[in-house]
Amino acid sequence: MAQVIAYLIHSFPLFSSTFVNDEIDEMRRQGCRITVFAVQRPSDAEFPPAFARFREETTYVFPMRKGAFLRRQLAAALGRPRRYFGTLAWILGRRGQGLKDRLRSVFHFAEAVYLYPEIRDSGCRHVHVHFLLGGASMALFLNRLYGLSYSLTAHGSDIFLEKAFQAEKLARSVYTRVATRYNADFLRPKLPSDRVSTLEVIPFGIDRSGLPPGPQEAAADPALRLLAVGRLIWQKAHHLLLEACAEALRQGFRIHLRLIGEGPLRPALEAQIRTAGLAEAVTLVGALPREQVWAQYRKADIFVLSSVSEGSPFVILEAMAAGLPVLAPALHGIPEMIRDGEDGLLFQTGSAASLTAGLLRLIKDETLRRRLGSAAEAAAVDFDHSHAVGRFRQSLYASIAATEKES
């Protein structure tokens with residue numbers, strides 16, 4: 001357990017990925033030595049103040065020191081010419097990739113070379129990466145150039161949308177964790193037959209200690225309180241939820257939606273709210289620190305996830321732990337988290353009509369809401385954060401040890 005592991009994340013810490021912070025904290029509580037590296041330093045508005053300590057300890061690629069960049073590229077090119085230029089040729093000669101993907105991969109290659117001395121000097125011989133995106137490309141190139149071993153945690157959109165070197169990233173990873181059988185089934189065919197065993201399903205867990213105790217808070221306003229949590233990006237498909245809210249209002253139901261999150265689609269959603277006459281029924285709250293998000297679960301009656309691309313959404317587990325009835329799409333691994341009609345309701349992914357039907361069903365039936373919420377709270381007990389991290393830690397270190405023994 002003495003080996004130092006480097007966590008590599010593209011932008012860290014962020015409101016949208018506090019689960020990575022939690023994992024690092026829990027890994028350390030369980031005896032792991034971890035150093036953190038990231039490509040981008042987030043602005044003050046992008047991360048919770050409670051996690052400022054992570055920004056202070058993280059080593060970032062940017063802002064990049066130009067002199068150091070040139071020296072490190074030159075040192076790698078002269079010290080390992082075959083690997084350096086061979087990897088560049090491999091990137092540029094890769095078939096089936098567009099110019100944008102090739103150029104982006106070259107940037108990730110240069111970033112990996114720039115970051116390597118920092119990782120080496122920290123004493124790390126293994127890199128763990130969340131998401132099969134640019135950070136995973138950097139880990140792949142670090143492996144080809146310097147022989148650093150790496151492992152991966154794959155999530156949702158990164159699996160289905162990121163195609164650059166995906167098979168190679170998986171094949172060279174000593175261990176890859178996914179949270180659902182669906183994601184495992186999707187990735188397994190991309191692995192060579194002798195590498196299939198490196199892929200493991202370990203559902204994510206949540207730490208419920210931040211959830212305020214007690215039942216849902218009573219509302220002074222008789223409007224039914226809806227809650228959605230997620231970045232304002234296309235994957236979350238919040239426009240579908242707004243359509244459902246507009247239909248509920250047309251049918252005479254009193255509702256109020258609080259949408260927690262920030263992102264590039266805020267102007268479009270604000271325009272939709274104005275056009276649909278939802279100004280009094282919808283509040284775009286913006287990003288909130290986690291303790292305030294937890295408090296909002298206690299003030300809600302229904303939780304809705306409207307996404308069209310997801311992996312294993314932590315917000316579903318949080319809502320379940322708070323005893324909320326959850327309405328979510330039957331998307332990818334979500335049916336492994338929610339049993340339709342037992343501890344939540346599922347709707348057809350991307351269908352405003354199906355989402356609306358599910359929402360109206362919950363709005364009309366208080367008994368159903370209470371039954372689903374109670375069952376969800378009981379089911380959430382199985383998603384324990386400490387236990388999930390413990391399983392991951394054991395598998396990760398076993399894989400690293402096996403790889404070192406082979407080499």
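**Exercise 1.** In this predicted model, determine how many nonpolar, polar and charged residues line the largest cavity.

*Solution.* The classes come out as four nonpolar, three polar and one charged residues. To see this, list the lining: A228, V229, K236, H238, V304, L305, S306 and S307. Ala, Val and Leu count as nonpolar, which places A228, V229, V304 and L305 of the lining in that class. Lys counts as charged, and K236 is in the lining. The residues H238, S306 and S307 remain from the list, and their types fall among the others, which count as polar.

**Exercise 2.** State how many cavities of 30 Å³ or more the protein has, and how much space lies in the largest cavity.

*Solution.* The count is one cavity at a cut-off of 30 Å³ or more. The space in the largest cavity is about 30 Å³.

**Exercise 3.** Give the number of helices and strands, then decide how compact the protein is for its length.

*Solution.* Start with the secondary structure: there are 16 helices and 13 strands. For the extents, the C-alpha trace spans about 70 × 40 × 40 Å along the principal axes.

**Exercise 4.** Find what percentage of the residues is buried, and what share of the contacts with a separation of 6 or more joins residues 24 or more positions apart.

*Solution.* Taking buried as under 20% relative accessible area, 56% of the 407 residues qualify. Of the contacts with a separation of 6 or more, 70% are between residues 24 or more positions apart.

Note on methods: Residues are numbered from 1 along each chain as its sequence is written. This is a predicted model: local features need pLDDT of at least 70, side-chain atom pairs count only at pLDDT 80 or more; totals for chains, interfaces and linings use all residues. Side-chain values use heavy atoms; hydrogens and water are left out. On a 1 Å grid over the protein atoms alone, a cavity is a set of points where a 1.4 Å probe fits but cannot get out, and a pocket is an open set with protein on both sides within 12 Å along at least five of seven lines; lining residues have an atom within 4 Å of a point. Grid points are joined across faces, edges and corners, and a volume is the space filled by probe spheres set on the points. Helices (H or I, at least four residues) and strands (E, at least two) are DSSP runs, numbered from the N terminus. The radius of gyration is taken over C-alpha atoms; the globule rule is 2.2 Å times the number of residues to the power 0.38. Buried means under 20% relative accessible area, exposed over 50%, partly exposed in between (1.4 Å probe, protein chains only). Contact means heavy atoms within 4.5 Å.
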